[in-house]
Amino acid sequence: MGFARVIQPHPLPLLADPRAKPTATTSSLFLGSTRTLRHTPAHTQTLHHTRSISSAQRRSVVAANVSDVKLKSSANLVSSLSLSLQIAICRALPCMLEFMQTIVELLIDMDLIVNRDKLLTKEEGLEVYEDMILGRVFEDMCAQMYYRGKMFGFVHLYNGQEAVSSGFIKLLKKEDTVVSTYRDHVHALSKGVPARAVMSELFGKTTGCCRGQGGSMHMFSAEHNVLGGFAFIGEGIPVATGAAFTSKYKREVLKEADCDHVTLAFFGDGTANNGQFFECLNMAALWKLPIIFVVENNLWAIGMSHLRATSDPEIWKKGPAFGMPGVHVDGMDVLKVREVAKEAIGRARRGEGPTLVECETYRFRGHSLADPDELRDPDEKAHYAARDPITQFKKYLIENKLASEAELKAIEKKIDEVVEDAVEFADESPAPSRSQLLENVFADPRGFGIGPDGRYRCEDPKFTEGTAQV
Ligand SMILES: Cc1ncc(C[n+]2csc(CCOP(=O)(O)OP(=O)(O)O)c2C)c(N)n1
Ligand SMILES: [Mg+2]
């Protein structure tokens, strides 16, 4: 008996009736569980919980132990039991052990018991907690600074999604690459870009990680292998695929044997309907690239419900269609995300190819700070707010004696100081000179608002002559 499950058509009736109100509130099929769809060369594909993969491994261990038991128990019982009874017991033992194993796995899947094999160490727990707190406090501070007029343009916050960034990125090495979207501050922070450099970038100052030229949506740091921040949805996915190709090329063509770098491409549910996603899944599978496609499914693309916009809302199922595993994970639970991330990153590092991971998550604020967030159902927001990934993880750390209240408080205090310091640093940093606009944009900037003399046309008093004045 295994955990094979038949794939059912998505039962939510939203697509049939465009007027139907999305009700992701409590009808989520997924939260709390982790599912994996493996690509198999045969025609049959089975749906497993990730725990059943390890259960398959565990079952083989059980089978090995059973042969030991067979030998040992035969020796001990030989004098007191008849041969036929011994044989009956030995035959029954594997089945009984497997049955008990299955019961244990079922209880794990139902979250009635915790699988102790998967837990993290105290140091890892504190590192992940600190990273999640940094993401949350940093974003809250961004909201304050934005409304005080310190930032310009669109600013998209990550509140609620921290388990995805911390769950994945804290497992990476420095040489590994991260590619993000316009919701990118926290990915950059998790990858080690200093809070000062991210905040200064948001303030448009020269000390920012892009010298103030990128702003909120374009965090970039060659030093930390953060290859952007992309405002156009889906644009980061081919860049990430290219980075993964570079790793493979270095290892296999340039014979840099120690180059086992992996790339994480983060993007949203709405973006997963974009053609670049499909093209890159194809290429990554074809060339077995060391990349993980991490879909942060927060159920909304601005004001469009994922369930109304996507023919099959279970994005993870697209992995096997392209020849790679697809996994669905509860993106509000950093431990589950980390478990899935570990396996996918390990696969990529060993040269076994890409994985598609769909993390079901939720953003606690509007699409951007300019969004009044009036479209989403208050019940839906309350449902996910009650599953705040940071609160859950804090509870876990304390209940499992991995940290005390005082230790976690000390981390929170430290992060408050880090973020305060980042704001002061950004505020005091110099703004770029106007001439910086000419740098790193066009090889020859003439014609793009700049006259042949290298000066801005708008500085010419005659520039707006004959046009409507704005
Ligand atoms: C190529 C392109 N088309 C349209 C847009 C406008 N746009 C900005 S955000 C967005 C929704 C993306 O939603 P999702 O991928 O779910 O990411 P989330 O904002 O939820 O993190 C769209 C369509 C864009 N930025 N780029
Ligand atoms: Mg989304």
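1. A residue is taken to be near a molecule if its C-beta atom, placed from the backbone, lies within 6 Å of it. On that basis ligand 1 is surrounded by 14 residues, and the closest of them are I233, G268, G270, T271 and A301.

2. The model is predicted, and local features need pLDDT of at least 70, side-chain atom pairs count only at pLDDT 80 or more, and totals for chains, interfaces and linings use all residues. Residues are numbered from 1 along each chain as its sequence is written, while chains are lettered from A and ligands numbered from 1 in the order in which they are written.

3. At least two residues of the shell around ligand 1 come from each of β4 (263-268) and β6 (300-301), strands being DSSP runs of E of at least two residues and helices runs of H or I of at least four, numbered from the N terminus. The shell around ligand 1 comprises seven nonpolar, five polar and two charged residues (Ala, Val, Leu, Ile, Met, Phe, Trp, Tyr, Cys and Pro count as nonpolar, Asp, Glu, Lys and Arg as charged, and the others, Gly among them, as polar).

4. UniProt, in an unreviewed entry, places a "coiled-coil region" at residues 401-428, although such annotations may be inferred rather than shown by experiment. In the model this span is 86% helix and 0% strand, with its end C-alpha atoms 42 Å apart.

5. Helix α7 (residues 195-203) passes helix α15 (residues 405-428) with the axes coming within 8 Å and crossing at roughly 45° (axes are lines fitted to C-alpha atoms, for helices over the stretch in contact, and angles run from 0 to 180 degrees between N-to-C directions).
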